[in-house]
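This report looks at selected elements of one chain. Please keep the sequence and the model at hand while reading.

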Amino acid sequence: MSIRPRFLATAAVALAAATALAGCASDTASSEAALTVTDPWVKTAATEDMMSAAFGTLVNTTDEDVTVVAATSDQYPALELHEVVDGAMQELGDGMVVPAGGELALEPGGFHIMVMELPEAIEPGDEVDFTLELADGSTVGFTATAKDFDGGNEEYHDSGSDDMEMEMDMSSDAPEAEPSH
Amino acid sequence: MGDTPRRGPSRRQLLLGGAAVGAGAAATLGAERAGLLPGTGPAADTTGVNGERIVPFHGARQAGVTSTPGAYATYVAFDLLESTDRDGMRAWLSLLSDDAARLTQGRGALADLEPELAVRPAGLTATFGLSREAVHRAGAAAPDWLRPLPAFPKIDALEDRWSGGDVVVLLHGDDPTSISHLLRMLVRDSRSFATVRWRQDGFRRAYGSDPHGTTMRNLFGQVDGTTTPRPEDAGFDAAVWAGPEAPAWLRGGTSLVLRRIAMNLETWDEVGVDGRENAIGRRLSDGAPLTGGTEHDDVDLEATDASGFTVVNPAAHVARARVEDPSSRIVRIGYNYDDPVEAGAVDTQGRPAVSNVGLLFGSWQRDVDAQYVPMQRRLAEADLLNTWTTPIGSGVWAIPPGCEEGGFVGETLFA
């Protein structure tokens, strides 16, 4: 029933991030970062799983709210910012707000970064680079460790079946679903 | 005078209580701890709280080798999946170290939905070991001694289910909940790389039961491990740490031998105190040598009694296990086990078994062939304790050096 907006992650952002963050492989990143990301991890998934999700804690080191408007990864072209509300997954059209001087936990059953297409599997122990795009146009990179994890499946179990079909349709429609390397 | 036997104790309690109040709270605590005041108030005793004690994970050595053994231990051994290649070994070992580095420091692991369990590590350590197969999968060369121990047919009754394993992890600490949680995270992160081959749990006295540094007792009641070198002792480093003779990846590491030794409490019951002390060569009461002194005094193997026999039986455990050269000694880490009796188990008289106990005999040494094997040969040949003990599990692993923050144990294999 709900309208699923298209991907927030655009190819242009993905390209920019890949260039800007080449060689960056730490938990936290970016010049004058308003945000740091601690304990990032991403759920392992086979290509046929079609989806995965990344988690961690966003820490706002400034005295103003920071809004994450998009996430990108050069390895995984289609990412969305999601929140699980009452067991159902919702895409966050307005982004994720990390309160001034505070934290926002991305965790199973709550906020997370949805990986919508899997041109290649995410294997345990893989290091996956992500970039967060903030409302002011700046970016924050982080590297998530891939972990086997049985939870975090709200998208399959708790949301309506038509939601799931729509997501699958969207991923199969996606033109840029090619291995990035 | 007129007190009935029933009133006596309660009156003594009152008197003691009064005295304790007069003498201050410390005396009350002491008396309560000593069990002199059953049922004394519900006030929480926080004097021995140690849940937040942290043993650093990172460093030149793996922490489980150098830190004081905790009250509880769990060994878990894994068999590698066929598909686990060099890259897989690197990814797996990296995940294991990441879990251990976080949970031993009181932080939740990645993807840990029970981080609340992490906040009381109580000295938790994790130590990783590799078999010859694991070293080869990682594409490195193994030292000669990295293989199963030679057979000791006079004593061994080894069972596969307690023996071998491509990778072993020893967790020890003072809190079984934190051990359980780390174990669970490690096993969960192993599913794509290996299967659990066996798990063995052991214990010593609980934290706070004995003063720090007290030698453990095994379930025969013996003081066990008196002469084992401690990290601060001269000779420890030379006995334990692999040097230039070892492959480069192992330098600064060591080896682990683990023997699961079943102890027959029923036949041990048939032996009096003299026979028990004769078997070990030490007093049961305090672990002192039968030739006198206190626990840490040297055993005099030459001392004779009035009839001209040596005081210490030449076949006693202390006589057979003795190693003169400190650098040739092994460093023992023992834990008792007391598992449920297995279905259908019988004792030596054919009756249903009533106990299933023993010792997880672990030892660290620089070179298994040079240090462990000669001693084990002597003990297998003659040791009065063999009458009541049976090795039922055995394994040998290389223990790589430690790692710094951002690294992982085993990274030297990939250098």
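## Annotated domain

In the predicted model, residues 216-403 of chain B carry the UniProt annotation "domain: Dyp-type peroxidase C-terminal", which comes from an unreviewed entry.

## Helix 11 of chain B

Helix 11 of chain B covers residues 368-381, which makes 14 residues. From its first C-alpha to its last it reaches 18 Å, close to the 20 Å expected at 1.5 Å a residue.

The buried residues in helix 11 of chain B include B:Val368, B:Gln371, B:Tyr372 and B:Gln376. Seen down the helix axis, the buried residues fall within an arc of 110 degrees, so they line one face of helix 11 of chain B. An α-helix has 3.6 residues a turn, so residues three or four places apart point the same way. The buried residues of helix 11 pack against strand 5 (254-263), strand 7 (357-365) and strand 8 (389-399) of chain B. B:Pro374 and B:Arg377, on the other side of the helix, are exposed.

## Strand 2 of chain B

Strand 2 of chain B spans residues 125-130; six of its six residues are buried, so the strand is largely enclosed by the rest of the structure. In a regular strand the side chains alternate between the two faces of the sheet. Here B:Thr125, B:Thr127 and B:Gly129 are buried on one side, and B:Ala126, B:Phe128 and B:Leu130 are buried on the other.

Strand 2 runs antiparallel to strand 3 (residues 167-173) of chain B, and six bridges join the two. Opposite B:Ala126 stands B:Leu171 of strand 3 of chain B.

Methods
Residues numbered from 1 in each chain as written. Chains lettered and ligands numbered in written order. Predicted model: local features only at pLDDT ≥ 70, side-chain atom pairs only at ≥ 80, totals over all residues. Buried ≥ 20, exposed ≤ 12 C-beta atoms within 10 Å, placed from the backbone. Helix = DSSP H or I, 4+ residues; strand = E, 2+ residues; numbered from the N terminus. Pairing = 2+ DSSP bridges. Expected span 1.5 Å × (residues − 1). Arc of directions from axis to C-beta. Contact = placed C-beta atoms within 7 Å. UniProt positions renumbered as here; feature names shortened; annotations may be inferred.
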